[in-house]
Amino acid sequence: MQIRFLGANGQVTGARHLLVMNGFRVLIDCGMVQERDFQDRNWQDFPDDATQLDAVILTHAHLDHTGWLPRLVKFGFNGPIYATHATAELTELVLRDSAHIQEEDVAFKIKRHKKEGRKSPHPDQPLYTQDDVEQTIPMLRPADYHREIQLRSGDHPITAKFYEAGHLLGSAFVEITEQTDSGVKRVIFSGDLGKKDRPILRDIEYFTDATKSVDAVITESTYGDRVQDETETVDEQLAKIICKTVRRDGKVIAPVFAIERAQEVLYRLSLLRRDNRIPSVPIYLDSPMAVEATKIFTRHPECFDDKTRQLLESGYDFRLPEMQFLRTAQESMKLNTMSGPAIILSSAGMCNAGRIKHHLANHIGNKKNTIMFLGYQAIGTLGRTISECPKSVRILGAIYPVRAEIGSVHGISGHADRGELLRWMEAIPQKPHKIFVIHGEASASQSLADEFHRVYPQTTVTVPKYGETFEVA
Ligand SMILES: [Zn+2]
Ligand SMILES: [Zn+2]
């Protein structure tokens with residue numbers, strides 16, 4: 001059993017891990033790179049032979065775990081793509097939206113570059129088109145949690161199994177086993193692990209089977225060096241920012257990830273309004289994808305936690321009369337000229353694409369407004385730049401002064417913090433022989449690796465680099 005690291009090494013996006021078991025090749029996740037400095041990688045060939053790949057397994061639907069799939073198919077991959085039911089549905093949405101955004105962005109860029117007489121460093125074409133996505137979608141194979149998937153049958157069967165990761169609707173960590181002549185080899189891929197006690201979703205599961213030996217665990221480390229500050233609850237922070245902005249007649253502009261974050265924030269706003277903790281102002285969800293994702297959420301109550309299910313069963317309607325879900329570009333543009341306080345939730349969550357860029361351009365120069373960040377902003381994204389409160393910022397090719405208040409709500413992250421990552425690992429009864437730490441900025445990955453090394457002196461702990469290959473078992 002061999003593993004090759006092909007992304008999310010010393011960075012958080014572009015997750016791709018190739019597992020080779022006695023000639024059988026499985027790719028765990030196939031993500032797009034979103035950090036600006038590494039985006040060239042999206043344009044490179046697949047570092048292995050895509051036609052020789054037997055299967056892909058997705059841990060969850062986020063673009064940094066699924067967004068490169070249509071490219072893989074272009075390079076000749078033609079096998080099954082396994083995912084939980086909710087992940088399969090959300091992945092369709094994510095990929096269609098991704099192709100759409102790329103086609104739009106390229107059209108916009110060509111126009112702008114022509115005007116400026118500049119030449120783009122990337123080809124003036126989208127990474128993939130709607131057609132490429134439509135070729136990819138029929139390859140998705142939805143699977144249940146906790147049910148063994150036969151990746152390969154015969155004398156040396158290979159199986160996979162999904163467990164709840166508590167990170168996103170449908171998110172899973174994956175156990176993969178290979179029957180060999182010398183016994184069962186087992187690896188666990190964490191995917192992205194969620195924080196406990198978040199609204200809507202079930203909590204992260206632990207791997208507790210004491211009869212199972214574990215050869216390697218590949219774990220994320222987004223917050224590997226951070227313990228999340230719990231002094232003020234997420235709801236208190238949200239209410240504070242909204243009330244303050246509404247008092248000065250301003251708008252709250254919140255970049256949201258269209259899936260999960262948008263639904264979580266709507267859920268929180270719904271209950272804050274019910275309890276009269278925020279004033280009644282229009283709340284716009286300006287993201288066709290988030291509107292679609294909200295629908296998919298309502299179709300998967302099996303992924304909800306008890307509290308959410310009980311609220312729904314009691315007949316509570318999370319959709320407030322104040323909430324408006326916008327779809328068309330015309331509806332979106334109307335917000336530019338609208339006066340008075342409002343809350344505008346728009347995607348992408350790290351401001352690197354989509355309608356949020358237009359809302360930022362229109363509102364960042366006005367000191368009445370607040371730009372409210374609701375989660376992790378990767379280095380090199382527009383969101384990260386703005387969150388560091390620069391004097392001015394370049395958006396859609398023009399420079400804007402930053403006069404709006406820049407606020408951040410902490411603790412709303414979809415990611416487990418250091419303590420939770422350690423607890424998840426500690427819960428595995430038979431200590432893994434090897435731990436690989438991925439999906440974090442270099443310092444976060446190293447910090448978590450150092451701690452694993454201290455706690456498990458018998459275990460080999462590695463922070464792999466892009467392209468490196470390791471023998472697992
Ligand atoms: Zn994720
Ligand atoms: Zn991720």
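Some conventions come before the questions.

Mentor: This is a predicted model, in which local features need pLDDT of at least 70, side-chain atom pairs count only at pLDDT 80 or more, and totals for chains, interfaces and linings use all residues. Residues are numbered from 1 along each chain as its sequence is written, chains are lettered from A and ligands numbered from 1 in the order in which they are written, and side-chain values use heavy atoms, without hydrogens and water.

Trainee: Which geometry is assigned to the site of the zinc ion (ligand 1)?

Mentor: Donors are N, O and S atoms within 2.8 Å of the metal (3.2 Å for Na, K and Ca); water is not among the atoms, so sites may look incomplete. Here H60 (NE2), H62 (ND1), H167 (NE2) and D192 (OD) coordinate at 2.1 to 2.4 Å. The angles run from 91 to 168 degrees, and the site is irregular.

Trainee: Which residue coordinates both zinc ions?

Mentor: The zinc ion (ligand 1) and the zinc ion (ligand 2) are 3.4 Å apart. The residue that coordinates both is D192.

Trainee: How far apart are the end C-alpha atoms of helix 6?

Mentor: Helices are DSSP runs (H or I, at least four residues), numbered from the N terminus. The expected span is 1.5 Å times one less than the number of residues. For the 14 residues of helix 6 (residues 234-247) this gives 20 Å, which agrees with the end-to-end distance of 20 Å.

Trainee: Which residue with positive phi follows helix 6?

Mentor: Its phi is near 65 degrees. The residue is D249.

Note on methods: Four donors count as tetrahedral if all angles lie between 85 and 135 degrees; four count as square planar and six as octahedral if opposite donors are over 155 degrees apart and all others between 65 and 115; anything else is irregular. Helices (H or I, at least four residues) and strands (E, at least two) are DSSP runs, numbered from the N terminus.
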